[in-house]
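This briefing covers a pocket, a nonpolar core and the salt bridges of one protein model. Please read it alongside the sequence and coordinates.

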Amino acid sequence: MMFCRNIGVLFLCLASLSRVNCQEVTSVSNTDTLAKHTSVKKKKKRKKKYKLPNIDLSHWKVTLPVGKPDEIEPPEILDYGNNEALKKYMYNDSIQGALVFYAFPNSKTANTKYSRSELREQMIPGDNNTNWTFAQGGTMRGKLRVSDISKDKNGKYHKTIIMQIHGRLTNEQKDLIGQKDNNAPPILKIYWKDGKIRVKTKVLKNPNASNTEILKTDAWTDDKGYTFKEEVGFKKFTLEVKVTQGKMVISLNDNEFAVYKDANIRRWGVFENYFKAGNYLTTQNEGAFAKVKYYTLKVSH
């Protein structure tokens, strides 16, 4: 009887061990499956991190801080990722989904002493001669940030222009005042300065100047400027510029507004205009640089 009991106990032990082993194998198998599933999810998440900026470049050309300077127009600009001339100065940050504009003091355009990596609106791709007036109106809206910028010898950040509305003479106006090119002043410059957004516009030196006299660049001077209260620092922010006949409104994060609707803006209606956006670094200091990232940029008329 004792022998039989021992055999029974032995069988019970063996059966118990068998069940334990099966449970352990099953447990390991479930862990492997979970690990694989987690790994696949992580891979999917990683893939989702790579994205492109929401910017249509079919109506923009870009001016670079190199060459005479170099400019790239549509359709070449549409393949900017494979353009060797552009790769260092206008390129994707595909982690953040931004278009990066890099500028440093080097090559300057006519009528300025500073370098830029900056887009210039072209209403007709490849054509600088078709532009718009305030009577026709226009809106430019962008989400952007200054991601990096150098400091001067006193430890203060340099400043850069991130948006503009630039004036332009028609061929008839150019001939009327005997000017060699179509250049007119910029009615609007929006700066990043010490982490804040600062707006500068133009006013007439002589409010009684004639319609012919106001076509000349030296008829205009800078206003005192306006700095928005909110500090954007190196964070993302949204800027919108909206113009209609006799009025210009600049908004920061749809929360603060600078409104211009005086006699200077009304008389500005004589000019054609085009939008600009990017990185126009306003220093010639050796070693200076700036990077501006645009996440979205849209224009409408």
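The points below are grouped by topic and describe a predicted model.

**Second largest pocket**

- The second largest pocket holds about 200 Å³ of space.
- Its lining is made up of 13 residues, and those closest to the pocket centre are Asp-56, His-59, Trp-60, Lys-298 and Val-299.
- Strand S17 (residues 290-300) supplies four lining residues, the largest share of the lining of this pocket.
- By residue class, the lining of the second largest pocket has six polar, four nonpolar and three charged residues.

**Largest nonpolar core**

- The largest nonpolar core comprises 64 residues.
- The residues with the most contacts inside this core are Met-90, Ile-162, Ile-197, Leu-239, Met-248, Ile-250 and Tyr-294.
- Strand S9 (residues 183-193) gives the most to the core, contributing five residues.
- In soluble globular proteins, nonpolar side chains tend to be buried together.

**Salt bridge between Asp-93 and Lys-293**

- Eight salt bridges are found in a search of the whole structure.
- One of them joins the side chains of Asp-93 and Lys-293, with an N to O distance of 2.6 Å.
- Asp-93 belongs to strand S4 (residues 90-93) and Lys-293 to strand S17, so the pair links parts of the chain that are distant, 200 residues apart.
- Asp-93 has a relative accessible area of 14%, and because buried means under 20%, Asp-93 is buried.
- Lys-293 also counts as buried, at 11% relative accessibility.

**Salt bridges of Arg-141**

- Arg-141 meets Glu-240 in a salt bridge between their side chains (3.1 Å, N to O).
- Glu-240 is in strand S13 (residues 237-244) and Arg-141 in strand S7 (residues 138-149), so this pair ties together parts 99 residues apart in sequence.
- Arg-141 also forms a salt bridge with Asp-254, where the closest N and O atoms are 2.7 Å apart.
- Asp-254 sits in the loop between strand S14 (247-252) and strand S15 (256-260), and this pair links distant parts of the chain, 113 residues apart.
- Glu-240 is partly exposed, with a relative accessible area of 21%.
- Arg-141 is partly exposed, with a relative accessible area of 30%.
- Asp-254 is partly exposed as well, with a relative accessible area of 44%.

**Salt-bridge network**

- A network of salt bridges links Arg-116, Glu-118 and Lys-276.
- Side chains of opposite charge can pair when their charged atoms come close.

Conventions
Residues are numbered from 1 along each chain as its sequence is written. This is a predicted model: local features need pLDDT of at least 70, side-chain atom pairs count only at pLDDT 80 or more; totals for chains, interfaces and linings use all residues. Side-chain values use heavy atoms; hydrogens and water are left out. On a 1 Å grid over the protein atoms alone, a cavity is a set of points where a 1.4 Å probe fits but cannot get out, and a pocket is an open set with protein on both sides within 12 Å along at least five of seven lines; lining residues have an atom within 4 Å of a point. Grid points are joined across faces, edges and corners, and a volume is the space filled by probe spheres set on the points. Helices (H or I, at least four residues) and strands (E, at least two) are DSSP runs, numbered from the N terminus. Ala, Val, Leu, Ile, Met, Phe, Trp, Tyr, Cys and Pro count as nonpolar, Asp, Glu, Lys and Arg as charged, and the others, Gly among them, as polar. A nonpolar core is a set of buried Ala, Val, Leu, Ile, Met, Phe, Trp, Tyr and Cys residues joined through side-chain atoms within 4.5 Å. Buried means under 20% relative accessible area, exposed over 50%, partly exposed in between (1.4 Å probe, protein chains only). A salt bridge is a side-chain nitrogen of Lys or Arg within 4 Å of a carboxyl oxygen of Asp or Glu.
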